[in-house]
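Here are some notes for a colleague who is opening this entry now. They are numbered so that each can be checked in turn.

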Amino acid sequence: MIFLPKRGGRITNQTPVTEIIKKRYSCRTYNQTPIDKDQQASLEGFLSENSTGPFGESARFKLITATAEEQNDLKDLGTYGVIKNPAGFIIGAAKDGPSNLEDFGYTMEKSILFATGLGLGTCWLGGTFTKSAFAGKIDLQADESIPAVTAVGHIAPQKSLLEKTMRWGAGADSRKPRQMLFFRNTFDQPLTPEAAGEWNIPLEMVRIGPSASNQQPWRIVRHAENDTFHFYLQRTQRYQTRNRILFGMADLQLVDMGIAMCHFEITAADLGLAGEWRFDEPDIGQLPDQTRYVASWEAGI
Ligand SMILES: Cc1cc2nc3c(=O)[nH]c(=O)nc-3n(C[C@H](O)[C@H](O)[C@H](O)COP(=O)(O)O)c2cc1C
């Protein structure tokens with residue numbers, strides 16, 4: 001397999017990105033098998049090259065793994081019992097910066113998709129992990145934070161009862177319908193599949209992506225005249241304030257935006273649809289409550 005980790009590149013040269021995105025889900029029950037040496041080396045290689053997102057902010061990523069005998073060490077890292085038998089974790093340290101969380105989401109998600117392409121299961125953990133335990137493992141610096149970590153390992157044939165309950169609780173298998181997410185010119189008009197044309201697939205890959213508590217805060221407005229897709233964050237009421245005050249969590253909905261940008265960009269690249277990120281807020285009239293601009297994809301460049 002040839003891997004092209006650069007921004008906009010393919011995750012693998014074999015499997016279409018759409019298939020990898022569809023295959024990914026939050027796996028919380030792993031079997032006891034360690035990650036094999038080749039997979040580990042490929043993933044580590046990818047992590048070391050994939051450290052910058054579209055906003056130009058950087059993060060460091062480190063894979064920690066354990067042999068079958070050392071699995072208890074990983075257990076002690078603390079995931080509040082949510083993750084069963086993880087073979088490893090990708091720990092990410094984001095450098096402080098204005099859009100560091102969006103870029104963190106973008107780069108971590110790319111690595112998750114890479115791991116999915118290797119046949120591994122993964123699970124984003126932005127809330128149910130103990131920050132201090134992971135901070136030591138990556139030698140966290142004063143100008144860095146760990147917004148989330150990712151569990152990795154071989155998928156167990158059966159989900160644990162806790163995993164099934166969590167999936168049910170988060171409605172993990174359902175997503176908002178496209179008319180709630182994608183719009184034409186302004187937020188007043190949904191973007192029909194006909195009007196989205198060849199961009200339906202990148203949009204659908206955003207729609208089926210993961211998000212914290214499955215809140216799906218991404219909204220996209222296509223401006224037909226200059227063929228630009230404007231990405232907005234529509235915050236879930238009180239979600240961030242509550243999570244920060246009660247649990248010291250990072251602003252995970254910004255991380256979600258980076259994930260959406262990753263899915264959109266790499267799917268477009270895989271389909272041969274050209275475009276570039278731009279960061280100029282357009283005037284599209286009144287925005288809905290709790291909604292703010294993040295980035296724009298200018299097609300055809
Ligand atoms: C930024 C982020 C943080 C998340 N944090 C957690 C977490 O702390 N614990 C957990 O069990 N799942 C976590 N998830 C997983 C989501 O609950 C999951 O993506 C969502 O329910 C959709 O399910 P799926 O990933 O299986 O498609 C997180 C996902 C994202 C994107």
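1. The shell around the ligand is made up of 14 nonpolar, 7 polar and 1 charged residues. Here Ala, Val, Leu, Ile, Met, Phe, Trp, Tyr, Cys and Pro are nonpolar, Asp, Glu, Lys and Arg are charged, and the others, Gly among them, are polar.

2. The model is predicted: local features need pLDDT of at least 70, side-chain atom pairs count only at pLDDT 80 or more, and totals for chains, interfaces and linings use all residues. Residues are numbered from 1 along each chain as its sequence is written.

3. Around the ligand there are 22 residues, of which Ser26, Gly126, Gly127, Ala172 and Pro210 are the closest. At least two shell residues come from each of β3 (121-125), α6 (161-170) and α10 (252-271), and α10 gives the largest share, 4 residues. Helices (H or I, at least four residues) and strands (E, at least two) are DSSP runs, numbered from the N terminus.

4. Why does the ligand shell lie between domain 1 and domain 2? Because domain 1 (17-169) and domain 2 (171-299) both give residues to it. The domain bounds come from an automatic or database domain assignment.

5. The centres of the two domains, taken over C-alpha atoms, are 23 Å apart. Their contact involves 22 residues from domain 1 and 28 residues from domain 2, where contact means C-beta atoms, placed from the backbone, within 7 Å. On the domain 1 side, α4 (100-117) provides the largest share, 8 residues.

How values were computed:
Two residues are in contact if their C-beta atoms, placed from the backbone, lie within 7 Å. A residue is near a molecule or strand if its C-beta atom, placed from the backbone, lies within 6 Å of it.
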